[in-house]
Amino acid sequence: MEHPPYRLAEEFDRFLGDPGDPDEVFSYARCAELDEKEEFPADICHRFQEWGLPGEYVPVEYGGRLHDYEQVLQLVRTVARRDLTCAIGHGKTYLGGVCVWVAGSAEQGARLAADIMAGVPVALGLTERAHGSDLLANDVRTDNKADKADNADKAANPDGTADHWMVSGEKWLINNATRGSVLSLLTRTHPDGGPRGFSVLLVDKRELDEDTYRHLPKIPTLGIRGADISGIAFDGARVPRSALVGAEGAGLEIVLKALQLTRTMCAALSLGAGDHGLRLGLDFAEERELYGRRLIDLPQARHLLVGAAADVLLHEAVALVAARAVQSQTAELSVTSAVIKYLLPTGTDQVLADLTGLLGARAFLKDVHADGRFQKVARDHRIVGLFDGNTLVNLNSLVNQFRPLVRGFKRGTGDTAGAAAACDLATPLPPLDPSKLSLVARHGSGVMAGLAASVEEITRRAGLDPALEPVADAARRLLAVTHAVHTEMEEYQGVLAEVPAAAFEVARRYTLCWAGAACIGLWTHSADSLRDDAATGALWRDGLWLRAALDRLLVRLGEPAADGETYDELLGALRAARSSGRLFSLLPQRGPERQPAMPAAAVGGTERTSC
C-alpha cells in the first residue's frame, strides 16, 4: 500500500512527542492535571493547530485536506489514544462543520473552512434540556417575518419575509457551546414543526448583538471533565438570512445525514480508549507480582487480558471497514453508522470493564498505578455512547430499516462492489459524494450481501491450507446465525411507533452479524497484502485475528466458544507488539511512547499457558 492513512497518523504522533514525558505539552501528566482542574486543554489544542490538524476536518474542495475518512479515523484515534478529553474537545469542530459539508453552499463552505483552518472552534447545536434525542420536539424557534419596525425589509421583500432570522430558545449539553465562535444550529422554522418544520442555520456568534444571546454554565461531568459541555440561549438574536444551510425545512434531513458521518467517525474515540486501556492492562499484568507469581502467568488474568485484546482487534477491523465505506458505500451509511455507533462504544465499555477485573482496586485509584490513567479513560469513554445518538437511538434506526435489510439479504442486493472496496485496504477510495447519503439503505446491506461469497472464499482457501479450517468453520457458523437473525427480523418489519424490547435485541444481534461479515470481508480482501509484513503478519497468517474476532462475536450470539489455542497465540502477539514499540494493531504502526522494561518471556511471545 502506497502512503496508507496510518502513516500520517504516525507522523502526527511523533510530532506530539512521548506522552510519558511530563515535559511534553501533550503528556499523560498534563492531561491528568487538566482533568483535576476541570480545565479545557487549550495548550494541547494549540499543538494540534501547529501541526495542522484542523485542516484534516475540511474537505479538499474547500481548501482543506479531508479526502480520506480512514485517515480522519486514524488521526482522531491517535489523539484519543492519549486523552479522550482532547479528542472530543477538539474533534467537535469537525462535527460542527459537517452540516455545511453535506448541504451548504460553496460560499458557506469556503467561509467555514477558513475559520476552521484558522483554529476557530465550531459547535453543533442539536439537543435541548427538555427533549434530549427527540429532535422533532425541539423548541428553539426562528422567525423570518418582517415586523412593523422592519420597513426596509418589507420594502425589499413584498412577500413579507425579512433579510434575517430572529432566533430564540435554548440549546443545552452542547460541546463547545461557549468556546465555539460558530454554531450549526437546528431550529424550528415552522410553528407546527414536523419533519419539514426545521432548518439548519450557520450562526456566527461574532456577528450577533451580545444582548441577544448568553452562554449557559459549564456542566460538571464524570468524564471529559475539562471539555466545554455547556449551552447557549438566544433571545431574539438576529441572524442573516444567508445563514440558512440547504433548503428551508430540510434541517432534520440534513442533520440525520450529517450524523451518519459523525457517528461513524466516533469509532476513533472508542478505538483510542481501547488502545489505552489495553496497554495499561498489559503493563500491569506484566509488572504485578502476587504470591511469587506475575499476574500475566495466572490463567484467569490471561483470559481477561487476551479477551480484551481480541475485542480491540475486532473493533479496529469493523471501524476500518466502516470508515472506508463512508466513501465507497455512501448510500448505505444509515446502516453502517448505526451499527458502528452502537457496537464500538458498548464494546469498548465492556473491554474497560473486563480490564477493571484485571487491575482490581487500582482501576479506580488516581495515584497508585500509571498516575490513575485507567480510571480516567474509563470515566471519559462512558460519554461516547451518548452523544450523536445513544445506543437505543441507533438500534431503533436499524429496526426502522428491517424491511429493506431483510429483502436485500434474501435477494443478495446491496452495494457489494462498494463493500468489497471498503474491505480491500489497498484499493483507492472514490471522493465522498454527499448527495448519495440516504436516510434508508433501500437495497439492503452490501456487507451482508457479500458474506456468503466471503465464506465460500475462506472455505476454498481452507481446502488448500488446513491451518485455515478453524476460521472457515467459524465463518460458516456465523453465516448460519446471520440467516437466523434475518428470519427474526422479519417479525418486526414495519415497526415504527412503539418498538418492542425484543426488536431491540434482534437489532443488537444484527450488529454482531454485520461486524462478523465486515471482519470476514476485510480478511478475504486484505490478508494477502498484509500476511507477509514483519510487524503484523502473524495476526493475518492462518486467520489468527479473524478466528479470535469471530469467536468473540459467536459467543455473544449464543454459540459455543472455540478452544484456547487461538488466544494463546494472540497473547503472544500482544506482548511482542508492546516489547517492540509497536501499537497492537492490524496495521504495522509504531507509537512514540518509550517502552517499559519487559520480561524476557514477553519478548518472544511464544509461550503457551492455558487461558
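# Aromatic pairs, salt bridges and buried residues

Me: What kind of model is this, and how many aromatic pairs does the structure hold?
Reply: This is a predicted model. The structure holds 6 aromatic pairs. One of them joins tyrosine 57 and tyrosine 94, whose ring centres are 6.1 Å apart with 55° between the planes, a tilted arrangement.

Me: Where in the chain do tyrosine 57 and tyrosine 94 lie?
Reply: The pair links distant parts of the chain, 37 residues apart. Tyrosine 57 is in the loop between helix H3 (42-51) and helix H4 (69-82), and tyrosine 94 is in helix H5 (residues 84-103).

Me: Are they buried or exposed?
Reply: Tyrosine 57 counts as buried because its relative accessibility is 4%, under the 20% limit. Tyrosine 94 is also buried, at 4% relative accessibility.

Me: Which residues do ring pairs link into a cluster?
Reply: The cluster consists of Phe12, Phe26, Phe48 and Trp51.

Me: Which arginines lie over the face of a ring?
Reply: Arginine 47 lies over the face of phenylalanine 15, 4.2 Å from the ring centre. Arginine 373 lies over the face of tyrosine 28, at 3.7 Å from the ring centre.

Me: Changing topic: how many salt bridges are there?
Reply: The structure holds 41 salt bridges. In one of them, glutamate 33 pairs with lysine 37, with the closest N and O atoms 3.0 Å apart. Both residues lie in helix H2 (residues 28-37), 4 residues apart, or about one turn of the helix.

Me: Which salt bridge involves arginine 552?
Reply: Arginine 552 forms a salt bridge with aspartate 311, the closest N and O atoms being 2.9 Å apart. This pair links distant parts of the chain, with arginine 552 in helix H21 (residues 544-556) and aspartate 311 in helix H10, 241 residues apart. Arginine 552 is buried at a relative accessible area of 18%, and aspartate 311 is buried at 0%.

Me: How many residues of H10 are buried?
Reply: In H10, 27 of its 30 residues are buried, so the helix is mostly covered. Its end C-alpha atoms are 43 Å apart, which agrees with the 44 Å that the 30 residues of helix H10 (residues 299-328) should span at 1.5 Å a residue.

Me: Which residues form a network of salt bridges?
Reply: Arg111, Asp115, Asp204, Arg206 and Glu207 are linked in such a network. Within it, arginine 206 and aspartate 204 form a salt bridge, with their closest N and O atoms 2.9 Å apart. Arginine 206 is partly exposed at 47% relative accessibility, whereas aspartate 204 is buried at 10%.

Methods
Residues numbered from 1 in each chain as written. Predicted model: local features only at pLDDT ≥ 70, side-chain atom pairs only at ≥ 80, totals over all residues. Heavy atoms only, no water. Phe/Tyr/Trp six-rings, centres within 6.5 Å; stacked < 30°, edge-to-face > 60°. Helix = DSSP H or I, 4+ residues; strand = E, 2+ residues; numbered from the N terminus. Buried < 20%, exposed > 50% of the residue type's maximum accessible area, 1.4 Å probe, protein only. Lys NZ or Arg CZ within 6 Å of the ring centre and 35° of its normal. Expected span 1.5 Å × (residues − 1). Salt bridge = Lys/Arg side-chain N within 4 Å of Asp/Glu carboxyl O.
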